[in-house]
Amino acid sequence: MSVTANLPLRCWAEIDLAALERNLRGIRAALPGQIRYVAVVKADAYGHGLPQIAARLMHAGADLFAVANLAEAASLREVGPDWPILILSPILPQEDRYLAELNVAVTVSSAEEVARFSSVARDSRRPLNVHLKIDTGMGRLGVWHEQAEAVYQLIHDAAGLRLAGVFTHFSSPDDDPEFTALQRRRFLLALARCPGLDTADLLVHADNSAGIETLEIGGPFNAVRVGLLQFGILPRPGTLLESVHAEPVFSFRTRVGLVKNLPRGTGISYGRTHILARDSRVAILAAGYGDGIPRSASNRAQVLLHGQRCPVIGRVTMDQTIVDVTDLPAVAAGDEAVLVGRQHDDEIGITEFSRWGDTIPWETLCSVTKRVPRLYRTQLGL
Ligand SMILES: *Cc1c(COP(=O)(O)O)cnc(C)c1O
């Protein structure tokens, strides 16, 4: 066996697949039974590792998967050959010829796409499933809601295309319920203007994790697209969201590489942005922005050592982060430090960690680098 296979870990992420499964089941239980569960697993399943996450979500009862692109769809196909997959991002014209082969549903926002996808279906002699996306105020993908009818008609008339779903995406479901309600109304109005459109035959979806809080029961909505929440992270406070009791799936850990004493007045790290106010003991952690600790968390973040919060002092650097452990004399090289997660009686949540880095949990998860092995709890014997 190679040396590297046996090396102890310097910085790693622990992924709790059992918690992931409980989260999916909890989310399902909080929603009416007819609501389909679209598991959003783009960006390597939010940095958790696509194959492992998708396999567990398939086992737990996801109905459909959503990814950003064809490469992600191909990885997913290796895990579950027959699972329905929706591609959320626009397909590049250069990618068209791979569509039929992967047997995925694509998002349609424009007349040009209808024409392209219809010719893909004709050439391959296989029908292609499409979801019509309607822009109700996000200003990104989708046909503008006032023009949705025209694109719907083109899909309807196109040879080889099968309309499998209609959807929209909310721009501020976490903090602007009025605008979210307006987007819902625009969506429903756009659907009502499409002649012959029968929502009972389609997947009708709008809600991401935060949207679930205001999901309209009784309307035509019959699916939700869940990303963040299944990983145990609340996108916003809310009664329905909290009733799910989602548990964190991800934790982020490293070890102390060196402990040393420094005299009062010493400037810490590049730029000397922190000057020691007293004689101090500092611990140098074996992780930095090269692992995914944002540099903007310099002088702000905290880490757990021996169950206690210790402040990060000075700049986060590529391979090292420095913390003040003056009040924890027992800290020694090799000790585990928790960046995100629980240690003894305290826990640092990913939302709190993200705030220290001026970012959001979605970005934090996508920023954990390739240097960081993902360990799945079953492998840890936990
Ligand atoms: C990423 C994404 C989601 C999932 O969003 P969360 O807030 O993580 O639940 C849903 N819909 C679309 C279109 C997305 O791109």
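Which domains give residues to the lining of the largest pocket, and where does it lie? I opened the predicted model with that in mind.

**Entry: position of the pocket**

I found that domain 1 (31–244) and domain 2 (250–377) both contribute to the lining of the largest pocket, so the pocket lies between them. I noted a volume of about 670 Å³ for this pocket. The lining counts 28 residues, and I listed those closest to the centre: Lys42, Tyr46, His169, Asn208 and Trp362.

**Entry: elements and residue classes**

I then looked up which helices and strands take part. At least two lining residues come from each of α3 (42–46), β10 (223–226) and α12 (361–366). I recorded α3 as the source of the largest share, with three residues. Sorting the pocket lining by class, I got 17 nonpolar, six polar and five charged residues.

**Entry: the ligand**

Which residues surround the ligand? I wrote down Val40, Lys42, Tyr46, Leu88, Lys133 and His169, and also Asn208, Ser209, Arg225, Gly227, Leu228 and Trp362.

For Arg225, an N or O atom of the side chain is 2.7 Å from a nitrogen atom of the ligand. For His169, a side-chain N or O atom is 3.5 Å from a ligand nitrogen atom. I also took the area: on its own the ligand has 390 Å² of accessible area, and the protein covers 92% of that.

**Entry: the cavity**

How many cavities of 30 Å³ or more does the structure hold? I counted one. The space in the largest cavity is about 30 Å³. I listed its lining as Lys133, Ile134, Asp135, Thr136, Met138, Arg140, Leu141, Thr168 and His169. By class, this lining divides into three nonpolar, three polar and three charged residues.

I compared the cavity lining with the ligand surroundings.

Note on methods
Residues numbered from 1 in each chain as written. Predicted model: local features only at pLDDT ≥ 70, side-chain atom pairs only at ≥ 80, totals over all residues. Heavy atoms only, no water. 1 Å grid on protein atoms, 1.4 Å probe; cavity = no way out; pocket = protein on both sides within 12 Å on 5 of 7 lines; lining within 4 Å. Points joined across faces, edges and corners; volume = space filled by probe spheres on them. Nonpolar A, V, L, I, M, F, W, Y, C, P; charged D, E, K, R; others polar. Helix = DSSP H or I, 4+ residues; strand = E, 2+ residues; numbered from the N terminus. Domains from an automatic or database assignment. Near = heavy atom within 4 Å. Polar contact = N/O pair within 3.5 Å; in protein donor to acceptor, adjacent residues only side chain to side chain. Areas by Shrake-Rupley, 256 points an atom, 1.4 Å probe, with all protein chains shown as cover.
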